[in-house]
Amino acid sequence: MTSAPDIAIRGFDRARDRRGVEAIDTAFETATVFELVAAPRALTLIERPLAAPVTRRYPIGEVFAPWASWDTAWVAEEAAAPDPIRGFAAVAYEGWHARLVLWFLYVAPAARRQGLGRALLARAEDHG
C-alpha cells in the first residue's frame with residue numbers, strides 16, 4: 001500500500017457531489033473468474049484463471065438509479081485536486097433484522113491501494 005495524499009472522508013451531498021461520483025472510473029482488471037458449483041447441500045466457488053486478463057467496468061449510473069435504495073453515503077475527497085472525488089460508498093440500514101447493507105463502494109483507479117476503500121468501509125461501519 002502506498003501513502004495516500006491528503007484525503008478526507010465526508011458525507012455525500014447529492015447536489016454538490018453527484019457529478020464527481022459519476023466521473024469515477026469503475027474499471028478493474030482481473031486474470032481470474034469464479035465458477036459457482038452447486039451441489040444438493042453446498043455451493044462452492046472455484047477460481048479459474050483466464051487465458052489473458054480482462055478489464056471490466058460497473059455502470060456508475062446505477063448509484064443513482066430509482067431502484068438503488070441506499071440512504072447514507074460518503075465520498076473520499078482530495079481537496080487540492082481539480083476533480084477531487086476519489087471514492088464513494090453508500091449504505092442502507094434494514095431495521096427489520098438490524099443489518100447495514102453496503103450498496104456501492106468505488107475507488108478511482110489512480111487512488112487504489114492507498115487505504116481509501118478501507119477508510120470508506122470504516123466510516124460505514126462506524127455508521128452501523
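Does Arg41 count as buried or exposed, and at what relative accessibility? Select Arg41 to begin: this residue counts as exposed, at 86% relative accessibility. Here buried means under 20% relative accessible area, exposed over 50%, and partly exposed in between, with a 1.4 Å probe and protein chains only.

The model on display is predicted, so local features need pLDDT of at least 70 and side-chain atom pairs count only at pLDDT 80 or more, while totals for chains, interfaces and linings use all residues. Residues are numbered from 1 along each chain as its sequence is written, and side-chain values use heavy atoms, with hydrogens and water left out.

**The whole chain**

Display the protein as a cartoon. It contains two helices and six strands, and from the N terminus on the elements run β-α-β-β-β-β-β-α. Helices (H or I, at least four residues) and strands (E, at least two) are DSSP runs, numbered from the N terminus. Along its principal axes, the C-alpha trace spans about 50 × 40 × 30 Å.

The protein exposes about 8600 Å², of which carbon and sulfur atoms supply 54%; accessible areas come from the Shrake-Rupley method with a 1.4 Å probe, and for residues only the protein chains shown count as cover. Of the 128 residues, 30% count as buried. Among contacts (heavy atoms within 4.5 Å) with a separation of 6 or more, residues 24 or more positions apart account for 55%.

**The loop at Arg41**

Return to Arg41, which is found in the loop between strand S2 (28–39) and strand S3 (42–56).

**Strand S3 at Pro53**

Select Pro53, whose place is in strand S3. Leaving aside neighbours within four places in sequence, Pro53 is in contact with Glu29, Thr30 and Ala31. Val33 is 20 residues from Pro53 in sequence, and the C-alpha atoms of this pair are 10.0 Å apart in space.

**Two loop residues with positive phi**

Most residues other than glycine have a negative phi. Select Ala98, in the loop between S5 and S6. Ala98 has a positive phi of about 50 degrees although it is not a glycine, and at 57% relative accessibility it counts as exposed.

Move on to Arg113, in the loop between S6 and H2. Phi of Arg113 is also positive, near 65 degrees, in a residue other than glycine. At 68% relative accessibility, Arg113 counts as exposed.

**Helix H2**

Finally, select residues 116–127, which form helix H2. This helix has 12 residues and reaches 17 Å from its first C-alpha to its last, close to the 16 Å expected at 1.5 Å a residue; the expected span is 1.5 Å times one less than the number of residues.

Which residues of H2 are buried? They are Leu116, Gly117, Leu120 and Ala124. Seen down the axis of H2, the buried residues fall within an arc of 105 degrees, so they line one face of the helix. The arc is that of the directions from the helix axis to the C-beta atoms. Show the strands around this face: what covers the buried residues of H2 includes strand S1 (7–11), strand S4 (72–78), strand S5 (85–94) and strand S6 (99–107). Then turn to the other side of H2, where Arg118, Glu125 and Asp126 are exposed.
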